[in-house]
Amino acid sequence: MPIVCLGLNHRTAPVTVRERFALPEGELHVLLGALRERTVAKEAVILSTCNRVEIYAATEDEPQVLLNELRAFLLKDREVDADPDEIFYEHAGESAVRHLFNVASGLDSMVLGETEILGQLKAAYQLALDQKATSGRLNKAFQKAFNVAKQIRTETNIQRGSVSVANVAVELAGKIFDELNDRTVMVIGAGDTSEKTARALLSRGARSVMVSNRSYDRAKDLADELGGRAVDYDHWETEFAAIDIIISSTSAPHYVIDRKKLEPLQGIRQHRPLLLVDIAVPRDIEPEVNFMEDVYLYNIDDLQAIAGNYLRLRHEEIVKCESIVDATTRELIESLNVSPVPRRQNPPLSSAGEASAAQS
Amino acid sequence: MGKVSAPLNWTDKTYFCCAVTLYGIAMVYSVFLWRKGFQRDDWVVYGVLAGGLVLHTVAMAKRGFNLQTCPINNLYEATAFIMWTIVAVNLVAGIWQRFRFVGAFASPLLFVLGVFALFPDLDPELANGAHEFSGALSSLHKALLMLSFGGFGLSAIGAVMYLTQEKDLKMHKFRAILSKLPSLERLETAMTRLVWIAFGLLTAGLITSSAYLHQVKQVWFKADPEMIWVMGVWAFYLVLLVLQKRHAHSGRRFAWCALGSFLFVLLTFWGVYLLSPLHQTSNAVS
């Protein structure tokens, strides 16, 4: 009974196509039932995330028959401008298992090595398990996939480091400050990336956050969301003594923070380190401030360069990951191909001597 | 059964030479760690230094038992004592993973000090009963002073770690993120605490020196070059700590001061020791 996989992802389909195939989480259990009724699939798991929609299934029939039926199942009632042959990919047997392992390990993700997909895959499998939509084959394959993901995480550096600007900023803070749980963050300009960065810092324990924006209402909204407080944009410097990290992302055409403004303020901070994260374009912080003692300035290019370096390191690990995936795939395929040994009442005697001993 | 051969008759110097060799191996491996940005194999240097410490301890113990006193009677012994303090504290700090790379910074210093200590002139043979300073106060004041210099040495190593990390962060080097070195704040805290501890030991060392001088010469102070020098070092570190306490200077400046101060101690200690009539009259073979 071979395992097959049919799906589409960020590589084969743009978001305009993917959004048409997105399957609502609340309807997945209904879809699982319908899938097994309308196709030759004996077992099935449906994975639907923002970057991929995939169906893993096992059948006693010809794999291609099932793959055609799965395709028809997904295309039903959907109008798609793109050519289905281009947006869908199909895997059967060993290839399907290998693909599942790659997905579970984040090797097939948009951000190489990311771990969110593993959680989503576990949730999809759990749902299928609850619906009794899986049996021997898929259970074995998914359990193995989770093991492979764990092995890759522990034995390789595929998940090492941060590949998002927000998390790189958090890592930098960790290199400067002993602990983040007594730090105060100020967000100047309520942009999306600055919000994400502030959230990342807060999730790692930063004590409080202040938000300053040209529009006070917007600052207040964001401050409420982050559990912080809004600060008047024209007087944010008054809070400077307490600040350890500044994330700036205004749309101002000039520098919001320059050396002339910062130098007298640093004195009142008693030479505590200050991390400045400038994610605005054009830049909000004069580059000269990086020459000041105890001040560490990183702009968007610096952060992206670090994220890019991490990504490069992750790519260097792909070969190691692939060898783990290959070995485990072969192991699983071999174990799936071995027919179950029939149970015997009396084990056979292995030698003539033992046979005669039994007779006597 | 063949007769078991007798064990090698190793002297304390032989053990010390082996320890210095291990420090040299650790130094060579440290170069590799520097190039790799302190990302891995933090146990190697730690393990090699631990092996060195065992041999070093045996060397000092043998010398101490031979002399029946704390073995700080000449430059070789003083240097060996400072080195021992640095290795011991380094290994204790290395129990915490974030401080394990201290060894990579300490090993070059240990190797250089070790080679220096092995210069033949630094370890003249002592005549029987030639120790002018004997007894508890004698051993105590020497041990306290040497321990304090070891502490200052460790703070200087912390300073090098701080300056390395600070420079990499300022220059936006990727290795600043990859390295397993502690955060700047933690390094500054460690550096400051080490200077405080060493300063306390130095103060205690000065007091016991004075007490011992009073015991043997009935004076509390003598215008001996080494005594004046130690007081000068004490005053310098006092100013450094007061400024740090008042937040008058940044972590970077404090690191430079800690490093510069120890280099000054390192470069002048030997000269001052040789100039000191108080310490020289008794040590050479009469």
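Trainee: In which helix is the place of Ser107(B)?

Mentor: Ser107(B) sits in a helix of chain B that covers residues 102–117. The model is predicted: local features need pLDDT of at least 70, side-chain atom pairs count only at pLDDT 80 or more, and totals for chains, interfaces and linings use all residues. Residues are numbered from 1 along each chain as its sequence is written, while chains are lettered from A and ligands numbered from 1 in the order in which they are written. Helices (H or I, at least four residues) and strands (E, at least two) are DSSP runs numbered from the N terminus, and the helix that holds Ser107(B) is H4 of chain B.

Trainee: Is Ser107(B) buried or exposed?

Mentor: A residue is buried if 20 or more other C-beta atoms, placed from the backbone, lie within 10 Å of its own, exposed if 12 or fewer, and partly exposed in between. Ser107(B) has 29 other C-beta atoms within 10 Å, so Ser107(B) is buried.

Trainee: How far apart in space are Ser107(B) and Val45(B), C-alpha to C-alpha?

Mentor: Residues are in contact if their C-beta atoms, placed from the backbone, lie within 7 Å. Leaving out residues up to four places away in sequence, Ser107(B) touches Tyr23(B), Ala26(B), Met27(B), Ser30(B), Val45(B) and Leu49(B). Val45(B) is 62 residues from Ser107(B) in sequence, and their C-alpha atoms are apart in space by 8.2 Å.

Trainee: Which C-alpha separation is found between Gly150(B) and Ile86(B)?

Mentor: Gly150(B) is in helix H5 of chain B and counts as buried because it has 23 C-beta neighbours inside 10 Å. Beyond its neighbours within four places in sequence, Gly150(B) is in contact with Ile82(B), Thr85(B), Ile86(B) and Val89(B). Gly150(B) and Ile86(B) are 64 residues apart along the chain, with their C-alpha atoms separated by 5.2 Å.

Trainee: Is H5(A) parallel or oblique to H7(A)?

Mentor: Axes are lines fitted to C-alpha atoms, for helices over the stretch in contact, with angles from 0 to 180 degrees between N-to-C directions. Those of H5(A) (94–104) and H7(A) (136–155) come within 8 Å and cross at roughly 45 degrees. Angles under 35 degrees count as roughly parallel, over 145 as roughly antiparallel, 65 to 115 as roughly perpendicular and the rest as oblique. H5(A) is therefore, relative to H7(A), oblique.

Trainee: How is H8(A) set against H12(A)?

Mentor: The axes of H8(A) and H12(A) come within 9 Å and cross at roughly 90 degrees. That is why H8(A), relative to H12(A), is roughly perpendicular.

Trainee: Which element gives the most to the side of chain A that touches chain B?

Mentor: In this interface, 18 residues of chain A are in contact with 16 residues of chain B. On the side of chain A, two or more residues come from each of helix H8 (165–176), strand S10 (295–299) and helix H12 (300–316). The element that gives the most, with five residues, is H8(A).

How values were computed
Two residues are in contact if their C-beta atoms, placed from the backbone, lie within 7 Å.
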